[in-house]
Each structure stands twice: as structure tokens, then as C-alpha cells.
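Please keep the sequence and the structure in view while reading.

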Amino acid sequence: MAVDGLSVQLTAPNGRSYTQPTGLYINGQWVKSDGGVTLASTDPATEKHIVSVQSGSKSDIDKAVAAARAALKAPAWKSLQSSDRGRLLYRLADLVDEHRETLATIETWDNGKPYTVALNEDMAEVTGTLRYYAGFSDKVFGQVMELSPDKFAYTVREPVGVCGQIIPWNYPLSMAAWKLGPALACGNTVVLKPAEQTPLSILYFVNLIAEAGFPPGVVNIINGRGSEAGAALASHPDVDKIAFTGSTATAREIMRMAAGTLKNLTLETGGKSPLIVFDDAELDNAVEWAHLGIMSNQGQICTATSRILVQEGVYRRFVDAFKQQIREVSRVGDPFDEATYQGPQVTRAQHERILQYIDPTVFTDVTPGMRIFQEEVFGPFVAIMPFRTEEEAVELANGTQYGLGSAVFTTNLTRAHRVARAVESGMVWINSSNDCDWRIPFGGVKQSGIGRELGEAGLEAYSNVKAIHVNMKSKL
Ligand code: ADP
């Protein structure tokens, strides 16, 4: 039932009723798109239409950027004490806790991920990240450098400015929190564009941002197509920074568009992360983590350990146990059913894209040149191959364009750390896979990205260091 044209009352498949906003959020107001265009949101489990939301055009992006620019200069934000910025973020985290069941319901309905995962993992990540950066709000400061009795310099950390944030569909709210937390802690303003496949949860979250008390224009949310709203944001001359999470191909496009005004960039892109199992590994542990590393979140994780390299002495045993683990754990089903491990892929298009790798490929005897060894599939899809020596394992692990995560299973302490240093990746898991924590920097090398999110390192992406030289001598 339409309430005011920009929100509807919905009842999700689990029976939860709530008010779903459908507008664009610019300068603290819900508005319609200038172009009158909408985006249809679909339940991937049933392929039924859920609701259509406003889809931003270039002129909507112009308005949102202007609002973010004005908010950056307005005393309500610029003059706010740093501890008060932190208080707003803490308040937002508390509101997410209060609304976590509704937020998780929307996430599952729109994205297809199991409800238990959305509720217990994603929502914890959202609040954990917001609180972590809330605590940093009043701890972002510079240094004093003494040079001589007459001269010294000091540094201050200033906001980068108006930040365009373009996020993906695999963890809609978590990815928003990863980007909003540090941006707002550092005093920036934001125009955020969610992915067109998952526009809904962030719109509900917007109401919480407003309720927390963020001044109008500090956070603006524009759903829309990547090629239109996304491109307009990435190329906008008055945007200072773009933070992007998505595919490597789109990141290249974004870099090109951002080059026009030499924007500050943070890119978190694709991966083909290796998981190396040595003969001396605890095999059961390796199998469990290997399974989680590729099957959780329907395989739709940029850090998914999608290439498993197993030393030949345990190769057969590993493959048998891994298949057994899939049979026992990876139950496919209705995402609202508590017993479900695998919900649907996010869209039919994505499902078909994954199948195109399978038909007519045979998986035994995978070699490094094969597409399934090199390309990111972004689904519950894994290539397994044997290796003989540590040297060979490292060479295979490093043999792709990507460098996001990597996992090493061994009980040999020195080998664990030696391999951790030899693999080309931004993150290494020793005897686990896909551990992720807001306190730990996240990001890639090679074509897996530029810059870091999360941890203290994540703050660097959202502040500029200004050096101020002071001369106290009156004659040169
Ligand atoms: P995927 O292929 O997995 O959907 P994308 O990298 O295409 O991943 O999408 C990630 C985000 O980037 C989404 O919000 C999408 O709308 C946006 N996007 C896609 N194409 C562009 C583009 N040309 N310019 C800016 N943003 C884009």
C-alpha cells in the first residue's frame, strides 16, 4: 500500500511488516528521481517483484553532490566537535541494533542470503564497524615536528571532502558501514550509491541515519544504475574521492572517470584467492575452512578462497573429505529457513554467469592457464589442484592477476610465516579462511585494489595530512 508515494508498507516472506522507503535521499529529504526512472527489486528466491524504487539520474547526482558540498561547509557538521561526530555514530549503531531484525529481513529478501547470516553476522558487522569508527572520531589528529629553535612544523588531519561511495550487492549494509564509518568519523560528507540488485536495506537504514541526528546533506543515498548514477558520481568534478567495492573491470572504468579531476581513490576489487593445504596440515580443520571459504554467502565474496591447492600426499583424502563436507553442510534452500546454508544467487543473471563456466568444462586436471583457475566466478565454485613442493605452491598461488586474500594450512610454524610472506596478497589467513574483522585492515595488491579499508589504516583513506610550517625568527 502506498503511503506517500515514496514509501510502501510491505510484508516479507517471514511475516515481518515494515515501511519500505523508495525514494532518493538528498539533503535530508526523500525525493523522486528527476528522470522519473525506477529500479525494480526482485526476491531472488522466488523471482517475484518486491517493489520499485527511484533510480537516480545524472541531475540527481548533481543535487546530491551539491548538498554534500554545502553540508561539508555548514557549521552543523564542520564545527561539530569530533567527539560529537562519534556520538552520532554510536547512536546510529544503537538504532541498527534496535532495528536489526527488520534490516536482516530486508537484506535476506532482497539479496537471498540466509536470514540467520544476515541477522547474526551482517548486522554484527555493521554495528561493530560503526562503533569502532565512532571511537576513532576524536582520535584523528596530527603531530608536531621540531626542526630548530626557530622552526617547527605540525600536521593536521583534514577531511578529504565530498566522498562518492559505490558499493556492491553481496553485503549491502556491511559495505555501507565499512565506508560510512571512517568517512563520517573523519568529518567527510558522502553520496553513496548502492548496487542496483540490492537497493532496499540501505533505504531503511537511511531513516536511522536521520534519527541518529546527522545534519542534512552529510549522507545522501542515491540508488541507480552503475552506468548512469555510478558513472555520474565517479566523473563528477565536485567529488573529491571515490571509494568503490566491486569488480576489477568496473574499477578500471571508475579510475578512468575519476582521472578527470584526479580524485582520491580507494578500490576494493576482485580476487581469486588461493588456499594452500600442506601435507602436515590438520586435515579436518583445513576441509572445514576450505568449505566455508568458498561456500559461505553463496560464494559471493571477493575474498572467497576459490582456488584450493593441496599437497599431493593428502590430495585424494582432502578432495573426498571436502565433497563430503559439501554434502553434509551446504544445504541449499529457502533463505528464511534456519536450516539453509546456501540461498539463491543474487540474480538469475548472476546464476547464469556462474553456470557458463561449468558448461562444458570438466574440473579434474585443472591447470593454471584455465579460465576457472584465473577468473573470478563469484559463486559457489572452486578449482582444486595438487602441488608437490612449497615453491610450486607459492608460484601457483601467485599466478593470477589478483592479490586479495590467501590461506595457508600447515602445522609447521616457520613454513606458515614463510609462505605468508611469499604470497602476493593483501591478507593472509594461517589455518583459517576469510576471517574478517573491522579492527584489521582489509584490501588487496595487484589488480585486487588500491588502499585499505577497516582498521586504523581505513582512516587514512578518509583524511588528508596538512603540514603547517612555522617560522618564529623575524629575519631570514
Ligand atoms: P558486479 O559485476 O558484481 O555487479 P560491479 O563492479 O559492476 O559488480 O558493481 C559494483 C557497483 O559498481 C554497483 O553499485 C554498480 O552499480 C556500480 N557500477 C557498475 N558499473 C559502473 C560504472 N560504469 N560506473 C560507476 N559505477 C558502476
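## Helix 3 against helix 5

Helix 3 passes helix 5 in a left-handed crossing, in what is a predicted model. The axes of helix 3, which covers residues 82-98, and of helix 5, which covers residues 115-136, come within 8 Å and cross at roughly 165°. Because angles over 145 degrees count as roughly antiparallel, helix 3 is described as roughly antiparallel to helix 5.

On the side of helix 3, the residues that take part are Gly86, Leu89, Tyr90, Leu92, Ala93, Asp94, Val96 and Asp97, and they meet Val126, Thr127, Leu130, Arg131, Tyr133, Ala134 and Gly135 in helix 5. Sorted by class, this contact of helix 3 with helix 5 holds nine nonpolar residues, together with three polar and three charged ones.

## Helix 4 against helix 7

Helix 4 (residues 100-111) packs with helix 7 (residues 200-212) at an angle of about 160°, and their axes are 8 Å apart. The two helices, helix 4 and helix 7, are therefore roughly antiparallel to each other.

In this pair, Thr102, Leu103, Ile106, Glu107 and Asp110 of helix 4 meet Leu200, Ser201, Tyr204, Phe205 and Leu208 of helix 7. The contact of helix 4 with helix 7 is made up, by class, of six nonpolar, two polar and two charged residues.

## Helix 10 against helix 11

For helix 10 (residues 283-295) and helix 11 (residues 315-329), the packing angle is about 55° and the axes lie 9 Å apart, which means that helix 10 is oblique to helix 11. Helix 10 passes helix 11 in a right-handed crossing.

Helix 10 contributes Leu283, Ala286, Val287, Glu288, Ala290, His291, Ile294 and Met295, which meet Arg317, Phe318, Ala321, Phe322, Gln325, Ile326 and Val329 in helix 11. Divided by class, the residues of the contact of helix 10 with helix 11 are eleven nonpolar, two polar and two charged.

## Around the ligand

Which residues come nearest to the ligand? There are 18 residues around the ligand, and of these Ile167, Lys193, Glu196, Ser247 and Thr250 come nearest.

Glutamate 196 has an N or O atom in its side chain that is 2.4 Å from an oxygen atom of the ligand, while a polar side-chain atom of tryptophan 169 lies 3.1 Å from an oxygen atom of the ligand. At glycine 226 the backbone is involved, with a polar backbone atom 3.3 Å from a nitrogen atom of the ligand.

How values were computed. Residues are numbered from 1 along each chain as its sequence is written. This is a predicted model: local features need pLDDT of at least 70, side-chain atom pairs count only at pLDDT 80 or more; totals for chains, interfaces and linings use all residues. Side-chain values use heavy atoms; hydrogens and water are left out. Axes are lines fitted to C-alpha atoms, for helices over the stretch in contact, and angles run from 0 to 180 degrees between N-to-C directions. Helices (H or I, at least four residues) and strands (E, at least two) are DSSP runs, numbered from the N terminus. Angles under 35 degrees count as roughly parallel, over 145 as roughly antiparallel, 65 to 115 as roughly perpendicular and the rest as oblique. A crossing is left-handed if the near helix is turned anticlockwise from the far one by less than a right angle, and right-handed if clockwise. Contact means heavy atoms within 4.5 Å. Ala, Val, Leu, Ile, Met, Phe, Trp, Tyr, Cys and Pro count as nonpolar, Asp, Glu, Lys and Arg as charged, and the others, Gly among them, as polar. A residue is near a molecule or strand if one of its heavy atoms lies within 4 Å of it. A polar contact is a pair of N or O atoms within 3.5 Å; within protein, one must be able to donate a hydrogen and the other to accept it, and residues adjacent in sequence count only if both atoms are side-chain atoms.
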